[in-house]
Amino acid sequence: MRISLRLKLALLSLLLLLFPLLGMRLNSTLKNSLIISQKDTLNFTAQAVAAALTNRSDLFDREQFHALNQSRDLYLFQLSNIIQLDGNLEDWQPELDQAEQFGREHLISSEESYLPQTLTFRHLAGKQDKYLYAFFDVQDDQVIYRSRNSLRLDRSDHLQIVIEDQKGQHSYLISPYEPGWINAFLMPDSPIKFPVSEQRIQGAWKQKSGGYLLELRIPLDLLGNKLAFTVADVDEEQERSVRVLIGTANLAENQEPGWLLGTSKPIEDILRSLDRPYARIRVVDQNRRIRAQVGSLRNPESLPADADQFAQLMRQVSELLRPLYRFFTTQFAAEVQIQDQASQPTELALQGIPEGLAGKHSLIKYLMDNSQTEVMAAIVPLHEGDKVIAAVVVEQTTNSILAFSKRMIEETIILSMLAFLFGGGVFFYFAYRLSGRIRKLRDQAASAITSDGHIRSAARPIKRSGDEIGDLGRTLDAMLDQLQQQIEHREKMADNLEHEMRTPLAGVAASLKNLKQEQMRLQESPSRQIMEYIRWAERDVQRLEGLLTSIREAASLKNALLLDSKEPLDLAKAVSMWLEHGWKLAFSGVDFLYQPPEQEVMVEVDPVRLHQALDKLVENAVSFHVAETPVELRLEQQADTVSMQVINQGPTIEPAWQQQIFNSMTSHRPLKDDRPHMGLGLYIVRTILEHHGGKVSVRNLEDGRSGVVFSITLPKEK
């Protein structure tokens with residue numbers, strides 16, 4: 001597999017990805033350190049709050065933190081909306097969700113086996129301005145109203161209100177004749193006295209399917225420290241006996257109502273002095289109810305969008321890369337506005353609250369309702385002497401840490417992408433530049449040598465640069481210099497060889513001639529053996545003269561071609577003439593196949609030189625052809641060119657040699673004959689054809705026969 005230099009450097013640029021990985025690792029370490037620091041801070045704050053409230057008996061007595069009972073104590077919520085006594089619960093939102101369900105667990109008495117459909121109710125009490133408001137959403141299978149012929153208030157479905165203050169307990173009953181506006185009646189201490197209407201306790205009774213809904217308003221100055229509600233169910237129209245009693249406190253067993261509790265303003269004032277930014281502090285009593293709360297979980301407001309142009313740009317880039325960030329960041333509700341909760345005595349159902357009320361410290365994490373905002377809470381017990389009376393809860397979201405971590409990851413990704421693009425671009429440009437120089441050097445080196453083996457001076461490699469590629473170019477240039485010298489020496493060697501050998505060869509020929517004449521003069525009948533030796537020597541001298549002649553022709557061919565003149569020639573007739581009067585006579589034992597074209601095939605050439613080139617091709621085909629197989633000549637013309645093929649059956653030429661055999665002094669002859677061969681014939685053919693604007697090539701037969709095809713191409717006469 002070939003891998004280019006540019007690809008290698010591109011793969012090398014992937015090492016830049018180590019930088020964002022290191023950034024991610026650093027961010028993770030910093031995030032863990034910040035979370036540990038936040039845990040320590042929350043623990044310290046919770047312990048400081050607990051220390052500020054510890055052993056303050058007077059405060060906890062006044063705020064009723066002692067002797068609490070979840071089954072009878074009532075908690076007053078601060079109502080958010082103005083309550084209209086109309087029998088509708090829409091205006092009780094959002095506190096309506098805190099309403100408590102009363103049923104079997106709060107059963108006071110029942111004549112028969114209790115069934116849930118007999119009587120259950122949902123109840124919530126709250127305060128607004130100077131009044132206590134309460135509603136009772138009662139499920140009753142049969143509603144019985146007070147009879148107009150009876151003075152008894154307890155012989156119908158009714159609500160009992162028990163208030164305890166410093167003067168004692170006071171009992172009120174609400175038992176209407178029909179749905180509508182209602183008032184309570186103060187029940188007398190003695191049976192012989194009549195109930196007295198209490199106009200200050202007002203409400204609305206609204207009947208509904210499967211029961212009724214009751215809304216009340218009681219002045220706060222009428223209340224004491226304790227309060228209890230009891231709902232009575234009467235099902236028989238004639239008998240009118242109370243069958244089921246369900247209440248907030250079992251007065252028969254406890255003999256007293258439950259505490260009327262709410263959030264503590266004095267404790268909240270103390271907590272405000274210890275408040276820390278973006279944290280919420282709560283105090284939870286033994287009933288797990290929130291009795292004091294200050295602070296907020298909201299994060300600081302973000303800067304305006306146009307406060308910093310760089311930040312605005314980063315924000316826009318972050319929006320584009322948001323799908324990528326999801327793979328590296330923890331999702332949290334950074335965009336969700338966390339609503340501040342009012343200080344309400346709601347039940348706090350956190351995992352560590354029971355441990356805190358048992359005297360143990362704990363640190364927990366939980367998700368808010370949006371399931372993406374994580375809150376960390378430190379829970380510390382609040383002591384009064386050796387007794388735990390409450391727990392302190394300090395909470396803070398991890399959004400600030402997650403936002404900081406997310407921002408670091410986003411900036412790391414953005415900067416890494418910029419660095420990767422810039423660094424990768426530099427690497428790619430460097431690779432492109434480097435590979436371009438190498439390719440240019442390769443192309444220059446390849447084009448410096450012509451097809452005939454000569455060196456082009458104009459295409460020599462550039463050698464100006466001082467780096468390793470420049471060194472390589474200079475090395476190639478030196479190699480080409482040496483190769484040029486070798487080529488020039490080889491070209492001159494043939495001429496020098498012919499010149500140096502011609503004189504001694506002429507002397508040898510003259511000596512042989514004189515020897516032969518002397519032998520004939522001395523002996524009328526010379527020795528037959530001696531005369532045979534002289535003839536062999538004369539034949540070898542002739543062969544050497546032939547070789548020297550070929551060498552001289554090849555060495556002087558290019559210069560001679562410059563002196564030749566071209567003329568129009570009908571190649572079809574010329575080939576026919578050369579075949580009949582030359583090749584067939586010279587090679588009488590060889591069959592030739594040639595079908596001349598019917599029309600003229602005109603080319604502009606030197607007829608003598610073209611004849612010389614074709615002589616070499618035909619001679620080459622005859623010397624390699626297999627006996628009793630013909631040598632084929634084919635002449636064809638195209639739109640602008642004329643081609644001729646010389647085909648012989650015989651040995652093939654290896655593809656690696658098909659270009660080299662046209663070089664000077666190159667021979668590839670597996671067959672030997674008596675004719676001298678120095679590898680100059682095909683070189684002469686190529687030189688002549690290139691001088692005439694043509695070319696020559698060779699290929700093996702592809703029709704199933706073994707042999708070769710030499711093809712020449714010449715331009716047509718213009």
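Glutamine 64 is found in the loop between helix 3 and strand 1 (74-75), where helices (H or I, at least four residues) and strands (E, at least two) are DSSP runs numbered from the N terminus. This is a predicted model, in which local features need pLDDT of at least 70 and side-chain atom pairs count only at pLDDT 80 or more, while totals for chains, interfaces and linings use all residues. Residues are numbered from 1 along each chain as its sequence is written, and side-chain values use heavy atoms, with hydrogens and water left out.

**Overall architecture**

- The protein chain has 14 helices and 26 strands.
- Of its 718 residues, 42% are buried, where buried means under 20% relative accessible area, exposed over 50%, and partly exposed in between (1.4 Å probe, protein chains only).
- Among contacts between residues at least 6 apart in sequence, 66% join residues at least 24 apart; contact means heavy atoms within 4.5 Å.
- The protein chain exposes about 40,100 Å², of which carbon and sulfur atoms supply 53%; accessible areas come from the Shrake-Rupley method with a 1.4 Å probe, and for residues only the protein chains shown count as cover.

**Backbone exceptions**

- Most residues other than glycine have a negative phi, and most peptide bonds are trans.
- Glutamine 64, although not a glycine, has a positive phi of about 55°, and this residue is buried, with a relative accessible area of 15%.
- Asparagine 55 is likewise not a glycine and has a positive phi of about 60°; its place is the loop between helix 2 (18-53) and helix 3 (57-62).
- Asparagine 55 is exposed, with a relative accessible area of 52%.
- Glutamine 93 and proline 94 are joined by a cis peptide bond with omega of about 5°, and proline 94 belongs to the loop between strand 2 (77-78) and strand 3 (100-102).

**Helix 13**

- Helix 13 (residues 607-624) has 18 residues and should span 26 Å at 1.5 Å a residue, which agrees with the 26 Å between its end C-alpha atoms; the expected span is 1.5 Å times one less than the number of residues.
- Because 13 of its 18 residues are buried, helix 13 is largely enclosed by the rest of the structure.
- At the start of helix 13, a side-chain oxygen of aspartate 606 comes to within 3.1 Å of the backbone nitrogen of valine 608.

**Glutamine 202 and its surroundings**

- Glutamine 202 is part of strand 10 (residues 196-208).
- Its side chain makes a polar contact of 2.4 Å with the side chain of arginine 217; a polar contact is a pair of N or O atoms within 3.5 Å, and within protein one must be able to donate a hydrogen and the other to accept it, with residues adjacent in sequence counting only if both atoms are side-chain atoms.
- A polar atom of the glutamine 202 side chain also lies 3.2 Å from the backbone oxygen of glutamine 199.
- Neighbours within four places in sequence aside, glutamine 202 is in contact with residues including Leu85, Trp181 and Glu215.

**Proline 715**

- Proline 715 lies in strand 26 (residues 707-715) and is partly exposed, with a relative accessible area of 33%.
- Proline 715 and glycine 694 are 21 residues apart in sequence, and their C-alpha atoms are 6.5 Å apart in space.
- Beyond its neighbours within four places in sequence, proline 715 is in contact with Val603, Asp640, Thr641, His692, Gly693 and Gly694.

**Leucine 18**

- Leucine 18 is located in helix 2 and is partly exposed, with a relative accessible area of 48%.
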